Amino acid sequence: MIFQHRTVLLDDAVDALVWRTDGTYVDGTFGRGGHSREILNRLAFPGRLLAFDKDPEAIAAADALIAARHAPAASSSPVPARAAGADAGFDIVHDSFASLSSALTERGIGPVSGILLDLGVSSPQVDDPARGFSFRFDGPLDMRMDPTRGESAADWLARAPLDELTKVIRDYGEERFAFQIAKAIVARRAESEQRGPLARTGELAALVAHAVKTREKGQNPATRTFQALRIHVNQELAELQITLEAALDCLERGGRLVVISFHSLEDRIVKQFMHKHASAPELDRRLPLRAADIPAPPMKRLGRLRASDAEVASNPRARSAVMRIAEKVSA
């Protein structure tokens, strides 16, 4: 089965990110390479791109891109024309973008010119039943971005106590029926000897639908629970917070931070981070300080953008996307 992925806010994100063609850039979520390819198209030697992804399938797509870039161009001309950005360096890291600082250090890369974080899951991940991200298909209840590492959603559901289940579903899914859903999961677990473990997305979706009494029009009752489990299994919010702080240290002066989020929890973290670092520090008004003595904030917010109506019409998954842009202005 071939899964199609359309990169959200492709030109807008790269326009905001790339401000010098000879800089070093980071794509924190390679996915299927939409943003990375466009970044490379904008770069010239000695420009460089370092991409990250936890998904082995994304790593395979990146390896194929690397091989294609190194392959000789087929042309009848004695001097084949080089593709845009062909002289720029490109490498992929099979790890979370939370490893940003250590990955740059290991490669001897100093301050970078821009960092792009496209959060959430990609279309191929959501649309593949074997990955277990969606309630729309029946498949194994996995939900790991990297299925070779860590604990699956099924494994966690098989052992988590009631209070922990409730907290995760409530806090990460913003689900008001979190306690009822958690109780239903614990009750189902008590039947595992007769029925086997809760290990399929279809069964979890049906269980949640039975526990949730009302739901917003047009929304599947399992939407919030599946979001909560995915965020918890992959530690998405914790990794985002780690990466944002690291990004501030890793950017050069003038460097851009561009973050695309798809739900309110992510966007709130990004918004608060940028506001904090773009605001003047709060000082005791009794201190005898001149304006020139007050340290300047390290960042400047450059804007917030949503997908256009035309993009949403052609790619409905862009509807919830929010892109925030900031620039590092001082050490």
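**Reading a predicted model: helix, sheet and loops**

Biologist: In which helix is histidine 35 found?

Modeller: Histidine 35 lies in helix α2, residues 34-42. Helices (H or I, at least four residues) and strands (E, at least two) are DSSP runs, numbered from the N terminus. This is a predicted model, in which local features need pLDDT of at least 70, side-chain atom pairs count only at pLDDT 80 or more, and totals for chains, interfaces and linings use all residues. Residues are numbered from 1 along each chain as its sequence is written, and side-chain values use heavy atoms, with hydrogens and water left out.

Biologist: Is histidine 35 buried or exposed?

Modeller: Buried means under 20% relative accessible area, exposed over 50%, and partly exposed in between (1.4 Å probe, protein chains only). Histidine 35 has 3% relative accessibility, so it counts as buried.

Biologist: What is histidine 35 in contact with, leaving aside its neighbours within four places in sequence?

Modeller: Contact means heavy atoms within 4.5 Å. With those neighbours set aside, the partners of histidine 35 include Thr7, Val8, Asp27, Leu116, Asp118 and Ile260. The side chain of histidine 35 also comes to 3.2 Å from the backbone oxygen of valine 8. A polar contact is a pair of N or O atoms within 3.5 Å; within protein, one must be able to donate a hydrogen and the other to accept it, and residues adjacent in sequence count only if both atoms are side-chain atoms.

Biologist: Which residues does the UniProt annotation "binding site" cover?

Modeller: The unreviewed UniProt entry places that annotation on Gly33, Gly34, His35, Asp53, Phe97, Asp118 and Gln125. UniProt positions are given in the numbering used here, feature names are shortened, and annotations may be inferred rather than shown by experiment. Take phenylalanine 97, which sits in the loop between β3 (89-94) and α4 (100-106). Phenylalanine 97 is buried, with a relative accessible area of 10%. Apart from neighbours within four places in sequence, phenylalanine 97 touches residues including Gly28, Phe52, Leu117 and Thr243.

Biologist: In what order do the seven strands form the sheet?

Modeller: Strands of a sheet pair through backbone hydrogen bonds, either parallel or antiparallel. Here the order is β3-β2-β1-β4-β5-β7-β6, in an open sheet with mixed pairing. β3 and β6 are the edge strands, each pairing on one side only. Ignoring direction, neighbouring strands of this sheet are turned by 15° against each other on average. Two strands pair if DSSP finds at least two bridges between them.

Biologist: In which sense do β5 and β7 pair, parallel or antiparallel?

Modeller: β5 and β7 are antiparallel, with six bridges; isoleucine 260 has methionine 323 in β7 as its bridge partner. In β5, 10 of the 11 residues are buried, so the strand is largely enclosed by the rest of the structure.

Biologist: How do strands β1 and β2 pair, and over how many bridges?

Modeller: β1 (residues 24-27) and β2 (residues 48-53) are parallel over four bridges. Tyrosine 25 has leucine 49 as its bridge partner in β2. Helix α2 packs on the sheet, touching β1, β2, β3, β4 (112-118) and β5, and its direction makes about 175° with that of β2. α13 packs on the sheet too, touching β5, β6 and β7, at about 25° to the direction of β7. Axes are lines fitted to C-alpha atoms, for helices over the stretch in contact, and angles run from 0 to 180 degrees between N-to-C directions.

Biologist: Which residues of α13 are buried?

Modeller: They are Leu265, Glu266, Asp267, Ile269, Val270, Phe273, Met274 and His277. The side chain of aspartate 267 makes a polar contact with that of arginine 324, at 2.7 Å. Arginine 324 belongs to strand β7 and, at 12% relative accessibility, is buried.

Biologist: What kind of peptide bond joins phenylalanine 45 and proline 46?

Modeller: The bond is cis, with omega about 5°. Proline 46 is in the loop between α2 and β2.

Biologist: Which phi does glutamate 174 have?

Modeller: Glutamate 174 has a positive phi of about 50°, although it is not a glycine. Glutamate 174 is in the loop between α7 and α8 (178-189) and is partly exposed, at 34%. Glutamine 235 also has a positive phi, near 50°. Glutamine 235 lies in the loop between α11 and α12.
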